[in-house]
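Here is a walk through one structure, from its sheet to the helices beside it. Keep the sequence and the 3D view open while reading.

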Amino acid sequence: MKARVIVLGSGTSHGVPMIGCTCAVCRSTDPRDRRSRPSIYLDVQDGPAILVDTSTDLRQQALANGIHHVDAILFTHSHADHIMGLDDVRRFNVMQGGAIPAYADERTATDLRRSFSYVFNPPDDKGGGIPQISLTTINGRFNVGGIGIQPIPIFHGSRPILGFRFGSFAYLTDCNRLSDDAWPLLDDVDVLILDALRHRPHPTHFTVAEALEVVERVKPRQTYFTHVCHDLAHAATNASLPRGVELAYDGLALTIETAPAWT
Ligand SMILES: [Zn+2]
Ligand SMILES: [Zn+2]
Ligand SMILES: [Zn+2]
């Protein structure tokens, strides 16, 4: 089944522009240099609508991209930039009339239960309401609404976290190394979204040069770099990248082919 993928946020944890920064990229008038916190949305034709991470900017991202339905949420990991929009899920609960299934590995699920104790251990007096999430711990491939999803084990510094593969498309944010098991799971990927923070080395994110080495090995037809900080101006960086590799930007939309459910 075909799916439309929207890059909701392509920026690093601070976002671009950063608070208090007057660099050329933070002052740029190119809308592609305005990067909100990292997240994507997959709208499968005649299938589920899947949100990957609930970024700090979820509300603005949903408004900017006309998102009014979420059937499932996948979490890559529990860093603040990827989870702090969870409270905004309340709107989808109200509009859809029920809890939303969410999927995370064991460590991220544990962190979510602690960081959002008011969601997972709700008080008697719920005031303005709380998000309704039905959280499943995943350990290997799983299905959502007839779609087969393959978690990809990646390293974010020393911490193992998850990327996700949906058929011909893979989303690998927040990583500086792929586990040995990850490479065969990326065979024949057509479109790849991959972490590339900046040119200078970083302990938990790929640099542009390191990300290009991954592209060399995986050989996707098209790659977009995400989790980009204010060191990289969109237009100038794109001009320096090889054919088939570009920076992602907020609002970028792609069409990909999902995989059928695992049996
Ligand atoms: Zn991040
Ligand atoms: Zn800046
Ligand atoms: Zn992170």
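Contact here means heavy atoms within 4.5 Å. The model is a predicted one.

Begin with the open sheet, which has 7 strands in the order β6-β5-β4-β3-β2-β1-β15 and mixed pairing. Its edges are β6 (133-137) and β15 (253-257); each has a single partner strand, so one side of each lacks a neighbour in the sheet. On average, neighbouring strands are turned by 25 degrees against each other, direction ignored. Strands of a sheet pair through backbone hydrogen bonds, in parallel or antiparallel fashion. One antiparallel pair consists of β1 (residues 2-9) and β2 (residues 39-44), joined by 6 bridges. Within this pair, R4 has D43 of β2 as its bridge partner.

Two helices can now be placed against the sheet. Helix α3 (residues 89-96) packs on the sheet and touches β4 (72-74), β5 (100-104) and β6, with its direction at about 140 degrees to that of β5. Helix α4 (residues 106-115) also packs on the sheet, touching β5 and β6, and its direction makes about 150 degrees with that of β6.

Which residues of α4 are buried? They are T108, A109, D111 and L112, each with under 20% relative accessible area. These residues lie on the same side of α4, because the arc they cover around the axis is only 165 degrees. An α-helix has 3.6 residues a turn, so residues three or four places apart point the same way. E106 and R114, on the other side of α4, are exposed. The cover over the buried residues of α4 includes strands β5, β6 and β9 (159-166), together with helices α2 (80-83) and α5 (117-120).

Technical notes: Residues numbered from 1 in each chain as written. Chains lettered and ligands numbered in written order. Predicted model: local features only at pLDDT ≥ 70, side-chain atom pairs only at ≥ 80, totals over all residues. Heavy atoms only, no water. Pairing = 2+ DSSP bridges. Helix = DSSP H or I, 4+ residues; strand = E, 2+ residues; numbered from the N terminus. Axes fitted to C-alpha atoms, helices over the stretch in contact; angles between N-to-C directions. Buried < 20%, exposed > 50% of the residue type's maximum accessible area, 1.4 Å probe, protein only. Arc of directions from axis to C-beta.
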